[in-house]
Amino acid sequence: MLRIAVQAKGRLYDETMSFLEEADIKLSATKRTLLVQSSNFPIEVLFLRDDDIPQTVATGVADIGIVGENEFVERAEDAEIVKRLGFSKCRLSLAMPKDIEYTGVQWFEGKKIATSYPGILSRYLKEQQVKAEIHVITGSVEVSPGIGLADAIFDIVSSGSTLVSNRLKEVEVVMKSEALLIGNKNLSDEKKEILKELLFRMDAVKTAEDKKYVLMNAPKDKLDEIVAVLPGMKSPTVMPLAQEGWCSVHTVLDEKCFWEIIGKLKALGAEGILVLPIEKMII
């Protein structure tokens with residue numbers, strides 16, 4: 001049985017549980033349950049505070065964990081990054097009152113900065129040769145300047161709306177963060193095999209992201225030109241239709257270039273274009 005530690009609540013919890021569900025890991029979890037076992041895979045989920053996950057994995061209480069890169073770097077525990085998961089993206093930034101002119105990172109010299117990430121902040125300030133007072137807060141960091149507790153803050157930024165509502169502006173991005181799958185460095189061979197299967201499922205889910213399965217009817221005399229504009233996985237599937245001079249073409253397209261490719265296909269005479277979502281893709 002492989003034990004995975006995940007955040008007990010919040011955005012990372014929601015995205016992690018959705019990701020496990022897409023990998024067909026069935027769990028009957030509630031937010032008040034500490035430990036839940038999957039009904040169809042040899043894994044159990046341990047729900048913890050996000051800042052406890054790195055230590056829990058490093059000490060072997062959990063075998064693997066899903067945690068924000070910001071927490072993993074801040075805690076500096078002896079665990080390894082197994083996989084970058086690509087969701088729950090954010091950044092750690094310095095922010096200050098929006099009405100004050102920002103003159104560069106030296107502005108923070110001698111200032112008091114409120115943060116929940118003193119380790120990352122202190123290393124950054126040292127690199128920049130800036131001496132500032134770090135005030136550690138575990139709650140709502142963004143209110144600190146408004147109540148006179150600090151001159152600036154160092155905190156997670158996603159959309160930036162929280163900064164705006166507190167009359168703050170983001171002035172320095174110190175690091176970017178995403179969800180990580182981390183692992184204990186001393187897993188048994190049996191647990192490594194379970195992890196290998198879990199990674200296989202995760203890869204199938206991640207590969208399918210932003211991909212569309214596209215079917216179209218195409219005139220045979222334009223087939224070579226149509227195939228030339230398709231950036232498919234290898235080559236498209238081509239099948240003859242009952243109507244003379246026409247064939248059916250099946251391929252996979254990335255969503256970011258989808259509309260550009262579709263426009264070219266229509267210009268080449270493709271018709272009846274059908275677009276389907278892809279749940280999983282195994283390469």
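**A helix and its surroundings**

Modeller: This is a predicted model. In helix α4, which spans residues 118-127, the residues Gly119, Ile120, Leu121, Tyr124 and Leu125 are buried.

Biologist: What covers the buried residues of α4?

Modeller: The cover includes helix α3 (69-75) and the strands β6 (90-97), β7 (112-115), β8 (133-136), β9 (152-157) and β10 (168-177).

Biologist: Which residue just after α4 takes a positive phi?

Modeller: That residue is glutamine 129, with a phi of about 60°. Glutamine 129 has this positive value although it is not a glycine. It is found in the loop between α4 and β8.

Biologist: Is glutamine 129 buried or exposed?

Modeller: Glutamine 129 is exposed, with a relative accessible area of 68%. The cut-off for calling a residue exposed is over 50%.

Biologist: And what about alanine 76? Where is it found?

Modeller: Alanine 76 is found in the loop between α3 and β5, the latter being residues 80-84. Alanine 76 has a positive phi of about 50°, and it is not a glycine either. Its relative accessible area is 58%, so alanine 76 counts as exposed.

Biologist: Let us change topic. In what order do the strands of the open sheet of four strands come?

Modeller: The order is β13-β14-β12-β15, and the pairing is antiparallel. In general, strands of a sheet pair through backbone hydrogen bonds, either parallel or antiparallel.

Biologist: How many bridges join β13 to β14?

Modeller: Four bridges join β13 to β14, which covers residues 246-254, and the two strands run antiparallel. Proline 240 stands opposite cysteine 247 in β14.

Biologist: Which helix lies across β12, β14 and β15?

Modeller: That is helix α8, residues 258-267. Helix α8 runs at about 165° to β14, and β12 comprises residues 211-219.

Biologist: Finally, which domains does the domain assignment give?

Modeller: The assignment gives domain 1 (2-88 + 179-207), domain 2 (90-176) and domain 3 (210-277). The centres of domain 1 and domain 3, taken over C-alpha atoms, are separated by 39 Å.

Conventions
Residues numbered from 1 in each chain as written. Predicted model: local features only at pLDDT ≥ 70, side-chain atom pairs only at ≥ 80, totals over all residues. Heavy atoms only, no water. Domains from an automatic or database assignment. Pairing = 2+ DSSP bridges. Contact = heavy atoms within 4.5 Å. Axes fitted to C-alpha atoms, helices over the stretch in contact; angles between N-to-C directions. Buried < 20%, exposed > 50% of the residue type's maximum accessible area, 1.4 Å probe, protein only.
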